[in-house]
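Work through the exercises below with the sequence and the model side by side. Try each task before reading its solution.

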Amino acid sequence: MTSDAQSQEVTDGFHLVIDALKLNGIDTIFGLPGIPITDLTRKAQAAGMRVISFRHEQNAGNAAAIAGFMTQKPGICLTVSAPGFLNGLTALANATTNCFPMILVSGSSEREIVDLQQGDYEEMDQLAIAKPLAKAAFRVLHAADIGVGIARAIRAAVSGRPGGVYLDLPAKLFAQTMDAEAGKKSLIKVVDPAPRQIPAQDAVQRALELLNSAKRPLILLGKGAAYAQADADIRALIERTGIPYLPMAMAKGLLPDTHEQSAAAARSYVLPAADVVMLVGARLNWLLSHGKGKTWGGKEHKDWGGQKFIQIDISPQEMDSNVRIDAPLVGDIGSCVSALLAGIGSNWARPPADWLSAIAERKNKNLAKMAETLARDPTPMTYHSALAVVRDIIKANPDAILVNEGANALDFTRSIVDMYKPRKRLDVGTWGIMGIGMGFSIAAAVVSGQPVIAIEGDSAFGFSGMEVETICRYNLPVCVVIFNNNGVYRGTDINPIGGPDVAPTVFVKGARYDKLMEAFGGVGAHATTPAELRRAMEEAIRSKKPTLINAVIDETAGTESGRITSLNPKSAKQN
Ligand code: FYN
Ligand code: ADP
């Protein structure tokens, strides 16, 4: 060996992974250290990346997914092999379902042993298991391929319809060395990772003609519209056409919920009454009753209500998934909406006045009814009297991010708490998943630096509750409010045959979740009245300290499964 060769610098798998991520502007990893990725977390931190360590991989995965939704960059979740990978997999599947871009990076065991099923430490064929749950899945075996592997993972996560991507990195890869210069050259800085997808002009024309023919038009904004970050154009489209709109849960705030064109408070009137509906980044799945049936004015469960649909979506395959789409507009939302705006010009005829006034009448009636309910101050506190406080706090702090999960705690918050800015409401999404609470809250605080308010059902909180330690450890401005009514849905069920076990839906009565936060140095508060809740929330926002408020709610308040109780199977057989 020449002295030249001896002085040659080398790099290794660890550093190539970190360099590839950094080269692509990825500066944060959400994960949980352990064999074989502990050193990767250390070296990433040493290289200036933010490494947020969690107590369970599912929460790290949820954090990565929502960071992806908020930033349009894939969120990275890093886990150990087999069990750690499986813990992260729920979040990966949820990300794919919700069209959130994330990359689950998992270390894995020795390929030769795994493939011969010889019983390795944490043996599992992770790539095969991840495939059906991810938008794409890749494995890298050689250090020289790390650049390509990460580039492919990034492109797969954010281009077209975003989704979850799995990247399998076997333990041996990290220790592989190669010439540093060659290693550097092997990395790829991805150019234009989510290319614009311009809609065809005839599709734009078709959509405009259908919209123009409408007597009772309606625009539905979904979380795809929030993700697209085309906020100003979406607002211009709605305001220049004068068409009423309905935001899906995570599209709330795209325009302020107090906007006069919002038809949110007249939902059950506008869906069946509309004649032309334009979907912007929203799917006609269960949340929209599949675009048919009684919700849409159909006679029976599966009957078409007579609406014509325009659908803006980046995925051509989404069209006709549930009902006929008369005017598919395939492309990225930014490009589609700006093409529509160009066609609309400045003197688009407003929708007929009788349509607008009929909506206003229903809406005002619902708003007045709601205002009346919110003004009451019953003892014990109810969802409504507690949420009247949350509604004021968000109004006073419109940059705060609201994370929300539960059943009644979710449904009441969605309709009571107005949002004022885009991408400020993060919730259970397409699956109605429980357990996103603390992961989403941590990522939201880390990514935005803004205060986070998590409104949690007491059951929902349990799925990720241990992460309050993580919130305290990183001193994040997160205020968790637990609506504590002693159980799943309510705390009133009783064991039908007596005996020592409580009913399956009942928890420890009078639990003090606030003590959990205090155990890690955060602020705990116990609130039994709206006044106490208000004081504690205001103090949390002011101090920016990790806070958990145990808000005691009437245990008889709420209904089975909130507003989706009809999804519970009901048999004709009694007991
Ligand atoms: C809405 N509403 C309002 C307001 N906003 N009234 C007054 N003021 C305001 N600001 C009215 C609205 O018109 C409806 O009344 C009602 O409140 C409910 O509105 P919502 O929530 O928009 O509509 P709905 O029917 O509940 O929507 C269906 C749904 C939703 C499926 C989209 O329930 C949903 O997103 N569910 C997610 C459930 C979930 O994932 N749960 C987690 C699992 S829980 P009317 O017009 O009079 O009908 C496991 O058990
Ligand atoms: P919601 O639950 O709010 O109705 P969904 O998750 O069902 O929203 O729908 C989001 C839709 O948005 C998906 O069909 C997805 O393909 C689409 N989408 C996501 N990002 C974009 C984008 N940038 N441009 C166009 N469509 C997008």
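**Exercise 1: Valine 204**

Valine 204 sits in helix 11, where helices (H or I, at least four residues) and strands (E, at least two) are DSSP runs numbered from the N terminus. This is a predicted model, in which local features need pLDDT of at least 70, side-chain atom pairs count only at pLDDT 80 or more, and totals for chains, interfaces and linings use all residues. Residues are numbered from 1 along each chain as its sequence is written, chains are lettered from A and ligands numbered from 1 in the order in which they are written, and side-chain values use heavy atoms, with hydrogens and water left out.

Task: decide whether valine 204 is buried or exposed, and list what valine 204 is in contact with.

Solution.
- Step 1. Take the cut-offs: buried means under 20% relative accessible area, exposed over 50%, and partly exposed in between (1.4 Å probe, protein chains only).
- Step 2. Valine 204 has 1% relative accessibility and so counts as buried.
- Step 3. Contact means heavy atoms within 4.5 Å. With neighbours within four places in sequence left aside, valine 204 contacts Pro199, Leu329, Ala339 and Leu340.
- Step 4. For a distance across the model, take glutamine 574: valine 204 is 370 residues from it in sequence and 54 Å from it in space, C-alpha to C-alpha.

**Exercise 2: Two helix pairs**

Task: describe how helix 11 packs with helix 15, and how helix 16 packs with helix 17.

Solution.
- Step 1. Two packed helices are described by the angle between their axes and the distance between the axes. Axes are lines fitted to C-alpha atoms, for helices over the stretch in contact, and angles run from 0 to 180 degrees between N-to-C directions.
- Step 2. Helix 11 (residues 201-213) meets helix 15 (residues 333-344) at an angle of about 60 degrees, and their axes are 10 Å apart. This makes helix 11 oblique to helix 15; angles under 35 degrees count as roughly parallel, over 145 as roughly antiparallel, 65 to 115 as roughly perpendicular and the rest as oblique.
- Step 3. On the helix 11 side, Val204, Ala207 and Leu208 make the contact, and on the helix 15 side Ala339, Leu340, Gly343 and Ile344 do.
- Step 4. Sorted by class, the contact of helix 11 with helix 15 has six nonpolar, one polar and no charged residues. Here Ala, Val, Leu, Ile, Met, Phe, Trp, Tyr, Cys and Pro count as nonpolar, Asp, Glu, Lys and Arg as charged, and the others, Gly among them, as polar.
- Step 5. For helix 16 (residues 353-375) and helix 17 (residues 383-396) the angle is about 105 degrees and the axes are 8 Å apart. Helix 16 and helix 17 are therefore roughly perpendicular to each other.
- Step 6. Met370, Thr373 and Leu374 of helix 16 make this contact with His384, Ala388 and Arg391 of helix 17. By class, the contact of helix 16 with helix 17 has three nonpolar, two polar and one charged residue.

**Exercise 3: The nonpolar core**

Task: which residues touch the most other members of the largest nonpolar core?

Solution.
- Step 1. A nonpolar core is a set of buried Ala, Val, Leu, Ile, Met, Phe, Trp, Tyr and Cys residues joined through side-chain atoms within 4.5 Å.
- Step 2. The largest one has 130 residues, and Phe30, Leu221, Ile234, Leu340 and Leu426 touch the most other members.
- Step 3. Not counting residues up to four places away in sequence, leucine 340 touches Val204, Ala207, Leu208, Leu237, Met278, Ile312 and Leu329.
- Step 4. Another core, of 33 residues, lies apart from it; Leu374, Tyr420, Ala540 and Ile553 are among its residues.

**Exercise 4: Backbone exceptions**

Task: where are proline 36, proline 380 and asparagine 475 found?

Solution.
- Step 1. Most residues other than glycine have a negative phi, and most peptide bonds are trans.
- Step 2. Proline 36 lies in the loop between strand 2 (28-31) and helix 3 (38-46). The bond joining isoleucine 35 and proline 36 is cis, with omega about 5 degrees.
- Step 3. Proline 380 is in the loop between helix 16 and helix 17, and the peptide bond from threonine 379 to proline 380 is cis, with omega near -5 degrees.
- Step 4. Asparagine 475 belongs to the loop between helix 21 (468-473) and strand 17 (478-484). Its phi is positive, near 50 degrees, and at 51% relative accessibility asparagine 475 counts as exposed.
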